[in-house]
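I opened the notebook today to look up how the parts of this model sit against one another. My entries follow in the order in which I looked things up.

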Amino acid sequence: MTWTIARKEILSNLLSYKFYVIILLAAVLAATSFFVMTRDYKERLADYSLIRPKPGEPVAVNPPNPLSIFAKGLDEAMARSFEVGITGVTVRAGQKSGNAIFAFFPTPDFLYVVRVVLSLVALLFGFDQVSREKEGGTLRLMLANQTSRSAVLLGKWAGNFLSLAIPFALVTGLGIAVLGLDPDIRFSADQVLRLALILVLTLVYIAFFLSLGILISTLTRRASSSVVILLFIWVLLVFILPNLGTLVARQIVDVPSVRALSEKREQVWTREILLRIKGQGDMPSHVLTISAENDALEADYRVKFDRLVNLSKNINRVSPVASFVYAVTEIAGTGIGEEGAFKSDVVRYKNAVLGKMLASPDLKSSEYPAFLYRYRPLGRVLAAGALFDTAWLAAFGVLFFALSYLAFVRYDVR
Amino acid sequence: MIATIVKKEILGHIISFRFIVTLALLLVVVPVTTFILTNDYLKRIDDASLRQAEIETYLRSYGHFNRIGPILQARPAPIPFHSLVRGLAPDINLGEFDNDPLPVMFPLIDLVFIVAIVMSLVALIFAYDAVSGEKEDGTLKLMLANGLARPKVILAKVAGGGLTLLVPFLLSLVIGLLVILVHPGVDWKGADWLALALITLGTALYVMFFYGLGVFISSRHHSSSASIMTSLLVWVLLVLVVPSLSPYIASFLSPTPSRIQVDREVGRLSDTERDDLGRKLLAERTRELIAKYPVLAQRLSEADKKRVMERDPAAREAFEAERKTTQGAWDEANRVQGGKIEDIRKAARLKEEAQTKLSRFISMASPLSVFTYLATDLSSTGLRNEAHFGRVGAVWDQAFGAYQRRKIADLQAKDPTKDWWNTPVDMSDRPRFVYAEEALGGRVEAAMPGFLLLLGYGLVFFALAYVSFLSYDVR
């Protein structure tokens, strides 16, 4: 019975105006996003080939991550150039910092399209599931025919999920296939696995919003009030809660401003150079002091910043949308955790290079080790929180479906 | 008659469910945001004064002219408007080792964000059934059967709906402003209030645009469920898609030279290549000088130099000439390399400015971008302020440069043998950088095109709604 209802839902979706408008929108946006982000990735790759360190140079540059096409996250920050010198690390940011308009609006990557547009689409599929049939009088007829309520609800859920997921999977699959044909973009087996996980997560995310839509639909009498409520919930979940959470966390955890840190670094090295010129101590000892003080600053900041990140993550998880974003970016290797690990690697690299510099009498060497960042293995990423976020998202989806079942069992179909 | 319909529209909206939800949402979100941003602003003030104190401490022991530039650099200061609008806040700091990636993940919320995203959606939620809904209810037929002119109906609808929409916004804003007023640490000046009034006017135009758009869409549809679908589709495109895509499209159309490569080249020119050139010039000129003053050939320590100078006026002249030559050689090296750097930087800057301009132009297709630029420019937190800061920073740089030259000249007159560039000196009489926002007049002038554009967009959609409604089949 459930399957019959699911089939009926799919067929009626296929005949509706809503379905075409929505699928067209989602398809066009996904395609545009793939195109734009692929092109952006290629340009960053071309830039990387210009700026990549020559063998022996004490410079750390991480190539852009191909998964950033799907979830850009902090890849821009991880693809900066870190040049190690005796007075510290010189950091240079890429192309985006030359155009302030980039800072005004969010990046239109696949994650953004899913997070914002697909969630809305899923809600629009769910919002009138019960109220429409009630208004049309078909709900009574269906239930009068001894179809169980649970079969109706499950059938509706499954039918709508499939009519959403199949076109979506087709569009995304096509996009990924086009990417796969591109000779400039190479995914490793690990990255393919990560990509598959991201797609699974996306389906969980859609399921969550569909369940939410059906839940509100079973709690309201009219489709028009259901849509209004859902839009408000959507704005709260997608835009307001996650964006407010970080600010709230910042009120609670005291973190030194990044500007204060940069200024301190500046003061440390100018002070040490001055002391050296005045003849106090030899150069290597000053270089070591600069490095040690900078590392202490970084370590102190890291501890406080991690506290801030954890708190803001926990606050933001009030909205499962935030969980989704955290899980996807971490799996893609462009998340906050990955960036922290990368930064620690840069610090280690700096210390290795400094060791080499200090070992030679003129503080110079022609051969420095090359920098190679290894992304954290997938297992560790999942254990570090991505798995929890996925489960959290799925749990909300199941919870909402269960609630809508409870509400539907008591629903007055007259 | 119009007044009656406007009144009916307003009353109809006010008792509606969506009005109550909107009111509740805004009454919570706007004051909470203002409260948090106000605290954030006060924190930033504390941070700024703490940093200033640290710089002062540093200067007392280690303030030497050779490397003081980066430490005394002009920095933007927190401004009172930050308790409402964050704008282009420099937290992300990608150009330094210490960066804060959190706002990249979730952009931080502020008044501009609330208006741009929430108010535009609310406007469409209010408008989607303005015509199609009344048709479904059958009241449109009745109204028009009573001899009401269609232009009056549509005009009253837009006016009534738009006015009602502004009520929850203004109410929540007033409560938010109370937070700012009672906070003793936040000191809003007359210009800030004026700017806020103008931003509110911009908000009204922005919201009216979306309301007009919603009524237009509603009068193209015969069922309200289809009309909300189309409205949301258009909203997604205008609000979420166009602004985000525009800088990317601009960067494809108008590429810029590799920033990191240019930066490195500049670093090389001002560092190793400058040192090589300086040393070369110095060696050449010293050779000529030694031919003239043989006393320079013996490499004396500073103390010996002093002794010789006191005894022998001719040697004094020689050391004076040596100092001048050294200074001259390094000045020459700095000048030559500075010229090269300026050329490279300028070429890159022109390209980047062209790309920024193009991004801005493309994004203006969306009223969201128009409103964002207008509001951030008016509150001195946007692009215009960055340019303004660049200008005042450059002025200050020059003032400090002049001070530095004067001070060094004074010190060298006292003791010509000492390396004053690398000696800590008392800089308490230095000029200090005090950040002042651009005068309101300039900001308003910059925002004018934005106002006109929003008004223009709004009028176009109102006209379209009007035309569609005139030929709407009300049966």
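Before counting anything, I noted that two residues are in contact if their C-beta atoms, placed from the backbone, lie within 7 Å. I also noted that this is a predicted model, in which local features need pLDDT of at least 70 and side-chain atom pairs count only at pLDDT 80 or more, while totals for chains, interfaces and linings use all residues. Residues are numbered from 1 along each chain as its sequence is written, and chains are lettered from A and ligands numbered from 1 in the order in which they are written.

Entry on confidence. I looked up pLDDT, the predictor's confidence in each residue, from 0 to 100, and found that chain A has a mean of 90, with 100% of its residues at 70 or more. Within chain A, the lowest confidence is in helix α6 (residues 129-136), at a mean of 82, and the highest is in helix α13 (residues 320-332), at 95. Helices here are DSSP runs of H or I with at least four residues, and strands are runs of E with at least two, numbered from the N terminus.

Entry on the two chains. I found that chain A brings 76 residues to the contact and chain B brings 77 residues. On the side of chain A that touches chain B, α10(A) gives the most, with 18 residues. I sorted that side by class (Ala, Val, Leu, Ile, Met, Phe, Trp, Tyr, Cys and Pro as nonpolar, Asp, Glu, Lys and Arg as charged, and the others, Gly among them, as polar), and the result was 45 nonpolar, 19 polar and twelve charged residues.

Entry on the strands of chain A. Two strands pair if DSSP finds at least two bridges between them. Strand β1 (residues 59-61) of chain A is joined to β2(A) by three bridges and runs antiparallel to it, with A:V61 opposite A:S81 in β2(A). On β2(A) I also found five bridges to β3(A), again antiparallel, where A:E83 has A:T90 in β3(A) as its bridge partner; β2(A) and β3(A) form a hairpin with two residues between them.

Which residues of α5(B) meet α9(B)? I listed B:V115, B:M119, B:S120, B:A123, B:L124, B:F126 and B:A127 in α5(B), and among their partners in α9(B) are B:Y206, B:F210 and B:G214.
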